[in-house]
Amino acid sequence: MYQLEESFRILRVTLEGRYEGPSIFAVTSAHRGDGAAYVAAGLARAFAESGEETLLIGASEHSANAELSIAENTRGTLTPLGVMRQSPVFAQLHVLTLAPATRERPVARDIETMLVEMRETHRAIVVAADPVPRSASALQFARAADGVLISVRFGRSPLPADRELVRLLDESGVTTIGVVPTRGRRAAAAIRSSSTTIVPVEYEGSSRLATRKVEVAS
Amino acid sequence: MNLKRLVETLQRQRVAVIAVLIVGLAVYIVALPHLRKYSATSTLLAAAASSESTSVLDPEKDPISSAVGLVDLEDLATSTMILDRVARRLHLSADDAKKLPGDVKAKSLFGSNILPVQVSDRDPNRAIRAANLLADELAAYTRSISTTRYDQLIADLTSQVADRRTQLQALDRRIQDLTSDNYYITPDTGTAAINTRLVALEAQEQLLAATVAGDVANAATSAKRPQLTRHLAGHEITTQDPSFVALKVQYGKDLATLNNMKAGYTENYAGIAGLQDTVDRERASLARVESEEVRDPTQSATYVTAQLDANRANATLGADRAQLAAVKKQLAGLNGQLAASGGEGTQIAELRRERAAEDDAYGQLSARLARAMADRAQAATIGSVVVIGRATSAPPALLGRPGVLGAAFAVAFIWLAITLAFVLDGADKRLRNTTSIEDLYGKPVFNPVG
């Protein structure tokens, strides 16, 4: 578990070094189950534990569980795009769960407006997007983001969607930061069950994470 | 390929790797009883000259050298002919007999004349027996080759000697038939006896002829001697008569006296006439006595001797003439016989020449046969290939030991497992590492998470 957390921290530090100031990162994939929501949640937590105001936007249908696991049992604030909750563990981490209508048929202007507003209050905004080849909203979030991370699950076979993803991102002028491989089954399990990956990080390691937050900040 | 990749590959294909190793273990357990073998070794010493000097079956080859070279012995040890004999003596089944060549190894040690013969078998006792039988068969076979090279030659020579002997016997019979009816022709010398006799008789005839000629001359001379000694015989007779001698002495004295008287006296001297008369009477008496005595010359020893010599010479001449006549008669007879047996003699001479040639050929063949038989006996006795070490134990073969066999199986199946793992991994196109992901997307890849 420690290695898992550390992997996200390394990823966060890498991004902090590349993007100064408030930044928007979209995490997408070529295929469902590649762990985009998992990566987005982990990255958001990594930013939050370092004391940065962080917003995790659940733009993916499959990201709902992750978002709920982070802000479970918390009271949310209704926004035009969805419900925003605050993590009970990390006060700096907020989770915005897009309403189904917004998620399925997003309006580009609304998205840009929302992100501009959120950038003013959050150091990092992480969007958990659907697979780009399958979702237009995902591509819109990707275009709106400063950089895109691609999540790929180890162990699956290459698909035409992989080439399609790269082609779409390149043609859309999206800045692709890199690819984050995930351990397929564990990532999928984390998405399916809030108690597998996310919850242990928060509940079992909360005090440790808090301590580390100080360490990272220092 | 680095170790990390190897470990990763094996880890990814661990199921296949474990399956292969389990199969290998099972194969090892099942195959161990069948693969365990024991090796027994017999040792041969081949006092072999190079088989390249002369051909293997050349009878001119030195009988003490091996008929088969050491290199050929190695091949001979695994030949079907030798191994069939061994298999029969071991009462092997057909399947086991077929496998026997693969279980036999014969290789000389560093080019020496020592040839170890190794036989492997699952049964140690049978391995020992097979090794010893193989060594025995090799020695016996090389010995048979050593003697076989002479057998054909001996058989041929024996046949030729028998033929020659038959021909000689036939010639002897023909010669015997020709000489049986003719006393003067012998089987050994034919008509040579006649010729020899003729030569001797001719020499004798010539000698006798010379003798007769001498006898004739001697007889002629001897015949003249009595006549020649007749006067001498008269003188001898008168000189041996005392009265004649006395009368002759008296006559001499009277004659001397007369002559003296005549010298000193004249004719008229009275004594002269008387003395003259006396001398005349004495002379007449001497002449009468002499004529009477000389009339019978046989009273002279000289005359008689001469006469006897003449008679003896005549007798000798007659005898020699008689011998000469006899010899001439014998010569005529022998010449007649020779003339009568001229054809038979020629035939016998031809037969004798033919027999001499046959006899010479027979002698040469006999000599060659004797030498060939001696060489064969020598080759059979010396034994150029001998067994100097018999197998008494059969330790497990190197690959038949469980440990070595297990190690071999382990190496083989581990290698197979690794190979299979890489083959399967190579056939697996899934995204298994960051490199494949980077190749797929062409973007930098972060550390894996999750």
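This is a predicted model: local features need pLDDT of at least 70, side-chain atom pairs count only at pLDDT 80 or more; totals for chains, interfaces and linings use all residues.
**Entry 1: confidence**

I began with the predictor's own scores, and for the complex I found an ipTM of 0.81 and a pTM of 0.43. For chain A I noted a mean pLDDT of 76, with 75% of its residues reaching 70 or more. I then looked up the stretch of chain A from residue 190 to residue 218, where the pLDDT is below 50, and I wrote down that this stretch still has 42 contacts in the model beyond near neighbours in sequence. For chain B I read a mean pLDDT of 83, and there 90% of the residues reach 70 or more.

**Entry 2: the make-up of chain A**

I listed the elements of chain A and found ten helices and eight strands. Of its 218 residues, 49% are buried. I also asked myself how far along the sequence its contacts reach, and I found that, among contacts between residues at least 6 apart in sequence, 77% join residues at least 24 apart.

**Entry 3: the make-up of chain B**

Chain B has 450 residues, and the buried ones make up 24% of them. Among its contacts between residues at least 6 apart in sequence, 79% join residues at least 24 apart.

**Entry 4: the nonpolar cores**

Which residues touch the most other members of the largest nonpolar core? I found that this core holds 63 residues, and that the ones I was looking for are A:Val27, A:Ala40, A:Val127 and A:Ala128. Helix H2 of chain A, residues 36-49, gives the most to this core, with eleven residues.

I turned to helix H1 of chain B, residues 3-12, and helix H12 of chain B, residues 402-427, whose axes lie 9 Å apart at an angle of about 80°. Angles of 65 to 115 degrees count as roughly perpendicular, so H1(B) is roughly perpendicular to H12(B). From H1(B) the residues that take part are B:Thr9, B:Leu10 and B:Arg12, and they meet B:Ile418, B:Ala421, B:Phe422 and B:Asp425 in H12(B). I sorted the residues of this contact by type and counted four nonpolar, one polar and two charged.

**Entry 5: where the chains touch**

How many residues of chain B are in contact with chain A? I found 17 residues of chain B in contact with 29 residues of chain A. On the side of chain B that touches chain A, the residues divide into nine nonpolar, four polar and four charged.

**Entry 6: single residues I looked up**

I stopped at B:His91, which sits in the loop between helix H4 (80-90) and helix H5 (94-99) of chain B. Its phi is near 60°, a positive value in a residue other than glycine. Is B:His91 buried or exposed? I counted 8 other C-beta atoms within 10 Å, and because 12 or fewer count as exposed, B:His91 is exposed.

Next I took A:Glu5, which belongs to helix H1 of chain A, residues 2-18. With 19 other C-beta atoms within 10 Å, A:Glu5 is partly exposed. I noted that A:Glu5 and A:Arg45 are 40 residues apart in sequence, while their C-alpha atoms are 9.2 Å apart in space.

B:Leu76, in helix H3 of chain B (residues 70-77), is also partly exposed, with 19 other C-beta atoms within 10 Å. Its C-alpha atom is separated by 9.5 Å from that of B:Thr142, which is 66 residues apart from B:Leu76 along the chain.

Last, I looked at B:Gly333, placed in helix H10 of chain B, residues 301-340. B:Gly333 is exposed, with 11 other C-beta atoms within 10 Å. B:Gly333 and B:Leu198 are 135 residues apart in sequence, and I found their C-alpha atoms 9.7 Å apart in space.

Definitions and conventions
Residues are numbered from 1 along each chain as its sequence is written. Chains are lettered from A and ligands numbered from 1 in the order in which they are written. Axes are lines fitted to C-alpha atoms, for helices over the stretch in contact, and angles run from 0 to 180 degrees between N-to-C directions. Helices (H or I, at least four residues) and strands (E, at least two) are DSSP runs, numbered from the N terminus. Angles under 35 degrees count as roughly parallel, over 145 as roughly antiparallel, 65 to 115 as roughly perpendicular and the rest as oblique. Two residues are in contact if their C-beta atoms, placed from the backbone, lie within 7 Å. Ala, Val, Leu, Ile, Met, Phe, Trp, Tyr, Cys and Pro count as nonpolar, Asp, Glu, Lys and Arg as charged, and the others, Gly among them, as polar. pLDDT is the predictor's confidence in each residue, from 0 to 100. A residue is buried if 20 or more other C-beta atoms lie within 10 Å of its own, exposed if 12 or fewer, and partly exposed in between; C-beta atoms are placed from the backbone. A nonpolar core is a set of buried Ala, Val, Leu, Ile, Met, Phe, Trp, Tyr and Cys residues joined through C-beta atoms within 7 Å.
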